[in-house]
Protein chains: 2
Amino acid sequence: MIIDCHGHYTTAPADLTTFREAQIAALKDPAQTPSRASLRIGDDQIRDSLEKAQLKLQRERGSDVTIFSPRASTMAHHIGTEATSLEWSQINNDLIARVVGLYPKNFVGVCMLPQSPGVAPANSARELERCVEELGFIGANLNPDPSGGHWTSPPLTDRHWYPLYEKLVELDVPAMVHVSSSCNPNFHATGAHYINADTTAFMQFIQGDLFKDFPTLRLIIPHGGGAVPYHWGRYRGLAQDMKRPPLAEHVMKNVYFDTCVYHQPGIDLLLKVIAVENILFGSEMVGAVRGIDPTTGQYYDDTKRYIDSSALSAQDKTRIFETNAYRVYPRLKARLAAAG
Amino acid sequence: MIIDCHGHYTTAPADLTTFREAQIAALKDPAQTPSRASLRIGDDQIRDSLEKAQLKLQRERGSDVTIFSPRASTMAHHIGTEATSLEWSQINNDLIARVVGLYPKNFVGVCMLPQSPGVAPANSARELERCVEELGFIGANLNPDPSGGHWTSPPLTDRHWYPLYEKLVELDVPAMVHVSSSCNPNFHATGAHYINADTTAFMQFIQGDLFKDFPTLRLIIPHGGGAVPYHWGRYRGLAQDMKRPPLAEHVMKNVYFDTCVYHQPGIDLLLKVIAVENILFGSEMVGAVRGIDPTTGQYYDDTKRYIDSSALSAQDKTRIFETNAYRVYPRLKARLAAAG
């Protein structure tokens with residue numbers, strides 16, 4: 001069983017974008033407010049959006065199931081108010097639930113949260129609970145910067161975030177730390193903001209004591225952990241200079257990196273410096289990089305190939321492709337069993 | 001000849017800090033304004049600050065000369081006004097000139113710039129010129145985020161920065177893209193802000209056309225290029241998806257990475273994916289990470305060891321340790337010749 005922990009619904013039907021555009025236009029002109037009922041996406045549209053994309057690539061690349069969430073870049077928590085984000089989150093999460101309903105063997109749901117700049121993360125707990133308990137989701141995406149590149153929230157180790165962590169722990173689901181698009185022109189979304197957020201979150205965990213307070217909280221840092229594995233010596237050394245405990249104890253009992261690193265040397269480094277138990281297979285397909293690498297003739301984001309080609313033992317590959325995911329997402333096995 | 005392109009005066013005498021504290025206090029209480037004449041640092045103090053630190057480490061590690069600039073974290077362009085930054089820059093740059101005067105074989109100067117949030121980079125051109133023409137410096141550190149973690153300036157590819165690039169080109173000196181401390185609690189300075197800035201700058205260069213406008217401009221991205229080599233496939237793929245030219249043409253004729261990556265697997269990755277001609281030896285000692293790696297028994301930041309231990313040919317090692325630097329810093333050779 002090959003489990004891809006990182007997929008977004010980047011190919012959702014265009015009607016979803018049309019609704020969002022109206023929702024945004026209505027922020028200035030309430031007369032344009034779209035009714036939620038006006039958004040009618042048929043099952044065939046959903047099937048069509050997936051059959052030629054994620055499902056085709058699952059078949060071609062040999063993965064079985066994708067842990068699937070709303071498109072990260074369009075979460076855009078910085079747009080509008082908390083009410084805007086709540087409506088947009090519910091629509092997107094409900095759509096993911098329909099995807100999972102249509103293809104329960106291929107997709108398992110993860111939700112986006114109705115975050116909004118300056119709004120207490122506690123307010124996201126209700127939507128998280130709805131998605132897990134009513135829609136059968138197994139995790140959430142948590143945006144450490146709802147301002148979209150202005151970084152106005154407190155660090156993830158601040159008590160500001162604790163009510164949400166309490167709910168994650170209570171429901172026994174992990175969160176992937178994943179920013180959305182950037183409205184700061186300095187930061188290209190997938191080329192800078194995403195990777196910076198990954199790096200930033202990890203350093204916050206070194207500085208703080210989050211996992212003393214939440215020993216069972218599990219957080220996934222996507223995109224191969226940002227810059228962290230490449231600078232693993234820097235992070236070990238900084239923790240040491242700061243008199244923090246070794247990273248294996250202090251952070252790595254609770255933090256996981258995915259394999260969204262789009263070339264063999266990068267994956268080889270990841271597998272060399274990060275313990276196998278902290279690595280989850282992920283590709284983010286169809287996502288940030290869609291082309292074919294001319295140096296290999298293969299898709300950049302076909303990360304399964306890099307792991308297949310690595311020097312890891314078959315047993316370690318199985319941990320990355322499958323069994324680690326059962327530990328990080330305890331609700332996953334039941335979902336797969338229910339799908340048959 | 002082993003040339004370390006990345007050293008800061010992190011061990012400057014405590015009197016410098018005392019002056020800065022008074023300068024900052026005076027922002028609220030002008031009665032505390034320190035006179036520049038009150039800052040009297042003797043040659044012996046300077047010698048003492050270096051003999052037990054940078055000079056000792058040069059001898060122990062076998063490097064010959066360090067391209068040396070004011071401490072990056074205390075540039076703190078976000079503090080005070082343009083006048084504050086100008087005074088602080090001149091004091092620091094003059095101090096670097098004294099270091100170079102005392103040890104002309106061991107240090108060559110690079111300046112900090114009197115940047116300030118919202119102030120035109122053109123205003124930094126005069127101090128750059130003074131440092132190069134009067135103090136004999138061979139480059140500058142350019143802060144892409146004078147706001148200290150709020151990222152309020154335009155991207156480095158914006159015309160906002162062009163007057164400074166014009167001066168760099170005219171003087172034929174490179175700039176290292178180097179942020180300072182962060183006043184945004186999300187970003188640890190050396191563990192997040194530095195690395196994020198490196199990654200951010202590189203992605204801006206992919207998006208923009210800066211080197212079409214300045215074909216001879218040379219910029220060094222420190223800390224091994226941030227996250228870029230680890231995600232080299234992502235950057236090649238993003239450039240391709242965005243219909244940008246291949247990175248070798250579009251960015252890598254003008255951009256160089258140093259070797260401030262503090263473990264062997266990171267350096268091995270850097271050397272594997274980035275062309276040798278784009279790599280400059282750097283250690284940032286005495287800097288961000290000061291401890292000994294318990295897994296090797298050696299200093300994390302003794303980056304010369306990692307390059308020595310790499311699979312590169314002797315010729316390629318010489319390019320990284322020495323000859324590439326002559327290309328990037330055309331004024332370096334004359335300085336070394338003058339030092340005898």
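In the predicted model, chain B is superposed on chain A by a rotation of 180° with 0.0 Å of shift along its axis, at an RMSD of 0.0 Å. The two copies are thus related as by a two-fold rotation axis. The contact between the copies involves the same surface on both, since 100% of the contact residues of chain B recur in chain A. Among the residues of chain B, B:Ala227 comes closest to the rotation axis, its C-alpha atom lying at 2.1 Å.

Confidence values accompany this arrangement. The model scores 0.98 for ipTM and 0.98 for pTM. For chain A, the mean pLDDT is 97, and 100% of the residues reach 70 or more.

Within chain B, three strands form an open sheet in the order E1-E2-E3, with parallel pairing. From one strand to the next, the twist averages 35°. The pairing of E1(B) with strand E2 (residues 65–70) of chain B is in the parallel sense and extends over 5 bridges. In this part of the sheet, B:Ile3 stands opposite B:Val65 of E2(B). Helix H14 (residues 332–339) of chain B packs on the sheet, where the helix touches E1, E2 and E3 of chain B. The direction of H14 in chain B makes about 135° with that of E3(B).

A:Arg130 is located in helix H5 of chain A, which comprises residues 125–134. With a relative accessibility of 18%, A:Arg130 counts as buried, because the cut-off for this class is under 20%. When residues up to four places away in sequence are not counted, A:Arg130 touches A:Gln90, A:Asn93, A:Asp94 and A:Leu135. One of these residues, A:Asp94, is also joined to A:Arg130 by a polar contact of 2.9 Å between the side chains. A:Gln90, another residue touched by A:Arg130, is 40 residues apart from A:Arg130 along the chain, and the C-alpha atoms of the two are separated by 9.5 Å.

Terms used
Residues are numbered from 1 along each chain as its sequence is written. Chains are lettered from A and ligands numbered from 1 in the order in which they are written. This is a predicted model: local features need pLDDT of at least 70, side-chain atom pairs count only at pLDDT 80 or more; totals for chains, interfaces and linings use all residues. Side-chain values use heavy atoms; hydrogens and water are left out. Copies are superposed by least squares on the C-alpha atoms of residues with pLDDT of at least 70 in both. Contact means heavy atoms within 4.5 Å. Two strands pair if DSSP finds at least two bridges between them. Helices (H or I, at least four residues) and strands (E, at least two) are DSSP runs, numbered from the N terminus. Axes are lines fitted to C-alpha atoms, for helices over the stretch in contact, and angles run from 0 to 180 degrees between N-to-C directions. pLDDT is the predictor's confidence in each residue, from 0 to 100. Buried means under 20% relative accessible area, exposed over 50%, partly exposed in between (1.4 Å probe, protein chains only). A polar contact is a pair of N or O atoms within 3.5 Å; within protein, one must be able to donate a hydrogen and the other to accept it, and residues adjacent in sequence count only if both atoms are side-chain atoms.
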